[in-house]
Amino acid sequence: ALLVSAAGSAARTFCAGYLPYLAAMSLTGFAPAFIHSSSAKIMGQWFPREKVSFAIGLMMVGGSMANFVATSTTALLPSPQSAYYLSTALCVASLILWMFLMPQTDRTLPRQKANISTALRHAVQSKTVWLMSICMLFNMGFYMTVASSAPGALQGLGYSPETASLIASAL
């Protein structure tokens, strides 16, 4: 998944139209999707069972902090092309770190046989799953609204692009 994300990030640098750019951006989402969906297994290889939840929480905070830093510093880069080069370098660096630091042995418990339809039915019937999904929907909607409109609005009030970006990312 990290290799696909790095390839998508590198391809994004050379895109000339909307559809290739959309495809490349979709590829960059592979790593977060796979890493987040298997975070319990990944963290279970590094931490004892009683500390896995805390480690996943730290991982989530780390991702949020990375989003904050990225959105608050992109205005400091000289061009979109330089932002693409930087993100490609970071994707490649994370791939290399993963290859060298991720344990190769699987210390997790043996997998239990589970019926997919039964597990899906339990998830769909869970009020907690629905509540968290709706909260994430509103959270993402809020973030996208602020991230797309606040910098322009702040620049209209006289803030520099750098300051407007920093303030918007702090929201």
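The following conversation concerns the predicted model shown above.

Visitor: What kind of model is this, and how are residues numbered?
Guide: The model is predicted: local features need pLDDT of at least 70 and side-chain atom pairs count only at pLDDT 80 or more, while totals for chains, interfaces and linings use all residues. Residues are numbered from 1 along each chain as its sequence is written, and side-chain values use heavy atoms, with hydrogens and water left out.

Visitor: How many helices and strands are there?
Guide: The protein has nine helices and zero strands. Helices (H or I, at least four residues) and strands (E, at least two) are DSSP runs, numbered from the N terminus.

Visitor: What does the C-alpha trace span?
Guide: Along its principal axes, the trace spans about 60 × 40 × 35 Å.

Visitor: What percentage of residues count as buried?
Guide: Of the 171 residues, 20% count as buried. Buried means under 20% relative accessible area, exposed over 50%, and partly exposed in between (1.4 Å probe, protein chains only).

Visitor: Which residues form the largest nonpolar core?
Guide: That core has five residues: Met43, Val52, Ala55, Ile56 and Met59. Its largest share, four residues, comes from H5. A nonpolar core is a set of buried Ala, Val, Leu, Ile, Met, Phe, Trp, Tyr and Cys residues joined through side-chain atoms within 4.5 Å.

Visitor: And what is Val52 in contact with?
Guide: With neighbours within four places in sequence left aside, Val52 is in contact with Ala40, Met43, Gly44 and Phe47. Contact means heavy atoms within 4.5 Å.

Visitor: Turning to H5 and H9, at what angle do they pack?
Guide: Helix H5 (residues 52–73) and helix H9 (residues 161–170) pack at an angle of about 155 degrees, and their axes are 7 Å apart. The axes are lines fitted to C-alpha atoms, for helices over the stretch in contact, with angles running from 0 to 180 degrees between N-to-C directions. H5 and H9 are therefore roughly antiparallel to each other; angles under 35 degrees count as roughly parallel, over 145 as roughly antiparallel, 65 to 115 as roughly perpendicular and the rest as oblique.

Visitor: Which residues make that contact?
Guide: H5 contributes Phe68, Thr71 and Ser72, and H9 contributes Ser165, Leu166, Ser169 and Ala170.

Visitor: One more topic: where is Thr13, and is it buried or exposed?
Guide: Thr13 lies in the loop between helix H1 (2–12) and helix H2 (18–28). Thr13 is buried, with a relative accessible area of 6%.

Visitor: Which residues does Thr13 touch?
Guide: Not counting residues up to four places away in sequence, Thr13 touches Gln81, Tyr84, Tyr85 and Thr88.
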